[in-house]
Amino acid sequence: SPVQIGLLTNWKKVSVGLYFTTFIKTDGSSWSSGLNDVGQLGQGDTTNRSSPVQIGNLTNWKTISTGDSHTCAVKTDGTLWTWGVNTYGQLGTEDVTSRSSPVQIGNLTNWKTASNGQEHSLLIKTDTSIWGFGRNNYGQLGLSDTTDKSSPVQIGALTNWKQVDCGQNNTLAIKIDGTLWGWGYNTYGELGIGNTTSISSPVQVGTLTNWKFVSSGSSTLALKTNGTLWGFGPNYYGELGNGGTNDLSSP
């Protein structure tokens, strides 16, 4: 059952990785707790924490996203920062060296949002272009190949992306026109495109233009503008919430 974490009432955002959690408060400070064997808490060490500890002393964090063991965060000034494990270049630092404290990615100030998968990261800039880096063995970066990338690479040339969310080894995204797109691992229908073929470049999910928000883990749930909730992908434990346990390859 739900248990309150402390007595504070100023938590604003939370993102859960594999055995660790990151938070942002209303004052713009960033916090973390949990497993820290590869520096995924951003505390400058590898000591586990069983309660939230502030990451540095800055109060200009805007949004944060965790993967299995890595984190991407955007500050209010539009800069991009990452930390944690970096085996496949998922920190975007042009190398595969892990970091236990936040490191800035380049010097651009036009990053808007970030989403982390198991070992890959997808981001949207203020110009609505979409970028990715990290592991790409199933084409989860959407770059039409399966080569890992250790620095941000633009996915196509379009500037009409609204929201992106990474699953374990796949990615779902919504364009400004309300269309839903997916790419990457698809063995259990994770992309919602009616089959189980993995794809290394964005493919549209159906033809509808009323998708509002998408959230992907191993399975995917998506909201339409009319408030209805839709799901697809693996459903072994009933994670799609549709009263059954059969996998679904379309919403």
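How many helices and how many strands does the secondary structure of the protein have? Colour by secondary structure and count: there are zero helices and 19 strands. Keep in mind as you look around that this is a predicted model.

**Stop 1: the whole protein**

Zoom out until everything fits on your screen. The C-alpha atoms fill a box of roughly 45 × 45 × 30 Å along the principal axes. The radius of gyration is 18 Å, which agrees with the value near 18 Å that a compact globule of 251 residues would have.

Of the 251 residues, 47% count as buried. Next, colour the charged side chains: you will find 15 positive and 16 negative ones, with the centres of the two sets 10 Å apart. One more overview number concerns contacts between residues at least 6 apart in sequence: 41% of these join residues at least 24 apart.

**Stop 2: the largest nonpolar core**

Hide the surface and select Leu122, Ile124, Ile130, Leu141, Leu143, Ile155, Trp161, Val164, Cys166, Ala173, Trp181 and Trp183. These twelve residues form the largest nonpolar core of the protein. Which elements give two or more residues to this core? They are strand E10 (120–125), strand E13 (161–166) and strand E15 (180–184). The largest share, three residues, comes from E13.

Stay here and pick Ala173, one of the core residues. Beyond its sequence neighbours up to four places away, Ala173 touches residues including Ile130, Trp161, Val164, Trp181, Trp183 and Val214. A second, separate core has ten residues, among them Ile174, Leu191, Trp211 and Val214.

**Stop 3: Val214**

Select Val214, which sits in strand E17 (residues 211–216). Is Val214 buried or exposed? With a relative accessible area of 0%, Val214 is buried. Setting aside residues within four places in sequence, the contacts of Val214 include Gln163, Asp165, Leu172, Ala173 and Ile174. Try the distance tool on Val214 and Asp165: 49 residues separate them along the chain, while their C-alpha atoms are 6.6 Å apart.

**Stop 4: Trp61**

Next, move to Trp61 in strand E5 (residues 61–66). Trp61 has a relative accessible area of 6%, so it counts as buried, the cut-off being under 20%. Show what surrounds this side chain: not counting residues up to four places away in sequence, Trp61 touches Ile24, Gly28, Ser29, Ser30, Ile55, Ala73, Val74, Lys75, Thr76, Trp81, Trp83 and Pro102. From Trp61 to Ala73 is twelve residues in sequence and 7.3 Å in space, C-alpha to C-alpha.

**Stop 5**

Select Ser32, which is found in strand E3. At 0% relative accessibility, Ser32 counts as buried. Its contacts beyond four places in sequence include Thr21, Phe23, Leu41, Gln43, Pro52 and Ile55.

Then follow the chain to Gly42, in the loop between strand E3 (30–34) and strand E4 (49–54). Is Gly42 buried or exposed? At 4% relative accessibility, Gly42 counts as buried. Leaving out residues up to four places away in sequence, Gly42 touches Asn36, Ile55, Trp83, Ser100, Ser101 and Pro102.

**Stop 6: two loop residues with positive phi**

Finish with a pair of loop residues. Glu94 lies in the loop between strand E7 (80–84) and strand E8 (99–104). Its phi is near 65°, a positive value in a residue other than glycine. Glu94 counts as exposed, at 64% relative accessibility.

Now jump to Thr128, in the loop between E10 and strand E11 (130–134). What is the phi of Thr128? It is near 70°, again positive in a residue other than glycine. Thr128 is buried, with a relative accessible area of 14%.

Terms used. Residues numbered from 1 in each chain as written. Predicted model: local features only at pLDDT ≥ 70, side-chain atom pairs only at ≥ 80, totals over all residues. Heavy atoms only, no water. Helix = DSSP H or I, 4+ residues; strand = E, 2+ residues; numbered from the N terminus. Rg over C-alpha atoms; globule rule 2.2 N^0.38 Å. Buried < 20%, exposed > 50% of the residue type's maximum accessible area, 1.4 Å probe, protein only. Contact = heavy atoms within 4.5 Å. Lys, Arg positive; Asp, Glu negative; His and termini not counted. Charge placed at Lys NZ, Arg CZ, Asp CG, Glu CD. Core = buried A, V, L, I, M, F, W, Y, C linked by side-chain atoms within 4.5 Å.
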